[in-house]
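Me: Please take a close look at the aromatic side chains in this model. I want to know what they pack against and which parts of the chain they bring together.

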Amino acid sequence: MGLKKTGNSRLMGGVALWVLAFNCGAAAQDLAPDAASAAPTTGQDQPVSVLQQIVVSAGVPKVAIDTPQAVTVLDQERIDDLQPRSIGDVFEEIPGVTPIGSNSILGESINIRGIGEALSGDETRIIMQVDGVNKFFEQYRMGSFFSDPELYKQIEVLRGPASSTLYGSGAMGGVITFTTKDASDFLDPGDLIGGRLKTSWDSNGNGWLGSAIIAAEPVKNLELLGALNYRQSQDITDGQGNEVPDTDFNSINGLIKARYTFGENDDQSVFASYQNWSSDEDNQNYDQISWESTFGDVDRTVTDQTAIIGYQNAFTGNDLLDVKAQVSWSDTRVEQKNQDPICYGPNTCVYSLGMSSEYSYETWQGKADNVATFQLGGDWMAYVTTGIDGQYQERLNPRHFANYTQSGSNSHPEGETVNVGGYAQAELVWNDRITLIPGMRIDYSNVSVGSYVNSKGTTVDLNEDKSAVGYSPKLAAMIKMSEWLGVFGSVAHTERLPSLDEVFSNYVVNDLDKELSNNFEAGVTLSFDDLIMGGDAFRLKGTAFRNNVTNYYASYWNGSSVVTEVIPKARYEGLELEASYWTESVYGSLGASLIRGNNVSTGGYMNAVPADSAFLKIGYVYRPWNLDFGWKGDFYAAQDRVGSDEQETAGYVLHNLYAAWKPEEGFMADSEVRFNVDNVFDKSYRNHLSEDEGAGRSFKLSFAKKF
């Protein structure tokens, strides 16, 4: 089967190959332009099933159910459905993914399949990217990712280490990619200007969001976008009506983007973007993870910035070239002052973490890749992705006291990290039924430890370098046994290079070995149309995985300090399930995960394994009014596979209701009204990987208007 090259060849070629088998045998060239509508739709003209969404972060774009690894895509409709208060809320319906830390927007991190701990640096175990830019921050008792869900139109979660090939050695947990909104999302062909206004309210914490987006095409092929969002909330309350401390906040974030398309076939473009998120809070607990009062209160300003410029060329008529390149700058900075002293007596007070201090991660990154398309013998097609990326990151922790200055801290040294990687991945497709994906990545890392503060409060300049090379080969396969049955699997080896905080811990520069993992996944997909009645559809994807890890670096609080322990042998294994069913009016979806983590060396349990969980969602679309409403249940088992009884958590069930109305006619046309009730019965609970009580009942209302 031949494919014609277009200016949009990455999407067109991939979709043509992958949609075919699950859409009643339609010709691939007919399906490719309409892949987004390949699934049955609700009254909002959006696919019901996440298994029918197009994945763009796993190589050549493909439908999620046909990707030979566990992957979930949240499009704009699904993000809006959740009415998220913070970034952590967007992962509610993704099996195997759990927000950790706290309900504070400054205390959130992410756990995937048991990988990710609140007090450790998982920079390379879980890679988080915004428009292709790596984002990471680490500070004692703080979260690792600061942003607002209103900025994004798509979020993809690729679970497991098979993503290491394209994103970085050691991505054992997986990869999360965030894609910001574009001007084209708000402009129809021929429009000069467009946009959207949105406001929302949350009863729990009396939270409020105001959002304005303006998009324009002042001249042909020049697209411009500007977005400004403001969000604020008071402290939320738990199921017993008690305030959850320091969950109040206000944040403001903005995004500007520009893209100019040119060339004889409009197959080239240059693009640029800048986004800024900031929050300024006084008298908040220094510890945003577990609310430990020992550290006192502090005034804190957090700013996160990302800037990108890039170039893309599809080289119409040349199947061997489809190039994208970009350079970026990222800066995450925490400025704090007026910390309360810790007093051990009338005249014995100390500022354990600095009266005034600033912590920052500044990173320069560059990347370029190319996708080459080959027509092989017989019915074989090949898509070969090759690329290179690199980054230079500087971490600064200056601490300013009343009469002297210290550089670094006793838990996080200053330092620099340089990473350079090259990768190649081939996707070999035979007759749209067998897909083989071999890949290899090689990374070089150099960590330079700068200065730190020793136990006597004296600055020590180390200036020591540690370097290593990591290899990440993999092989994945997808076989469609029939029109309704598919099987897939992968084998991947990853080598994670130690991070700055692992090279330096407990006042010592460690000579560490690489963290090695051998990883196996296998799964099955089911796809039925007209299963019970005409026009209905059922999709299911189940995945089993096992990760065997050597030299696992675990950081945790031992009761008096944070320690880093090297576990000789560790193992993570589990099951994940995603399924959906829909008719013209009724639909439902199901997700579940079961994860186990064991310290093979001692026979004990790993620290950060979430409780077994599942969700079930049932909805109905009343098409004459374009009204979509339903119920969702969240089910969590008790978690007693822990090191001590104090760490155990009880199981619980949460009930949630939702409704969305999108009128198509009259003065309300192009509007959207949503109403959610989360935790309907005001249940008191605590997520196993959270350090505080969960939010009680909340009524959420939002209104948006496009123009």
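Reply: Arginine 300 places its charged end over the ring of tyrosine 286, 4.9 Å from the ring centre (NZ of Lys or CZ of Arg within 6 Å of the centre and within 35 degrees of the ring normal). Lysine 617 lies over the face of tyrosine 658, also at 4.9 Å from the ring centre. This is a predicted model, in which local features need pLDDT of at least 70 and side-chain atom pairs pLDDT 80 or more, while totals for chains, interfaces and linings use all residues. Residues are numbered from 1 along each chain as its sequence is written, and side-chain values use heavy atoms, without hydrogens or water.

Ring against ring, the structure holds 15 aromatic pairs (centres of Phe, Tyr or six-membered Trp rings within 6.5 Å; stacked under 30 degrees between planes, edge-to-face over 60, otherwise tilted). Phenylalanine 146 and tryptophan 277 make a stacked pair, with 6.2 Å centre to centre and 15° between the planes. Phenylalanine 146 is in the loop between β7 (133–134) and β8 (152–159), and tryptophan 277 is in strand β14 (residues 268–285), so this pair ties together parts 131 residues apart in sequence (strands are DSSP E runs of at least two residues, numbered from the N terminus). Both phenylalanine 146 and tryptophan 277 are buried (under 20% relative accessible area; exposed is over 50%, partly exposed in between; 1.4 Å probe, protein chains only). These two residues also belong to one aromatic cluster, formed by Phe136, Phe137, Phe146, Trp277 and Tyr361.

Among the other rings, tyrosine 552 and tyrosine 572 need a separate look.

Tyrosine 552 and tyrosine 572 form a tilted pair, 5.9 Å centre to centre with 50° between the planes. Tyrosine 552 sits in strand β30 (residues 537–557) and tyrosine 572 in strand β31 (residues 562–582), so the link spans 20 residues of chain. Tyrosine 552 is buried, at a relative accessible area of 0%. Tyrosine 572 is buried too, at 1%.

Two further tyrosines turn up on the surface: Tyr444 and Tyr471 belong to a nonpolar patch with Ile388, Val420, Met440, Ile442 and Val469, with about 570 Å² of accessible area together (residues over 30% relative accessible area without a salt bridge, nonpolar side chains joined within 5 Å and like charges within 9 Å; Shrake-Rupley areas, 1.4 Å probe, only the protein chains shown as cover; salt bridge: Lys or Arg side-chain nitrogen within 4 Å of an Asp or Glu carboxyl oxygen). β24 (434–453) and β25 (459–480) are the elements that give two or more residues to the patch. β24 gives the most, with three residues. Methionine 440 is found in strand β24 and is partly exposed, with a relative accessible area of 36%.

Key:
Helices (H or I, at least four residues) and strands (E, at least two) are DSSP runs, numbered from the N terminus.
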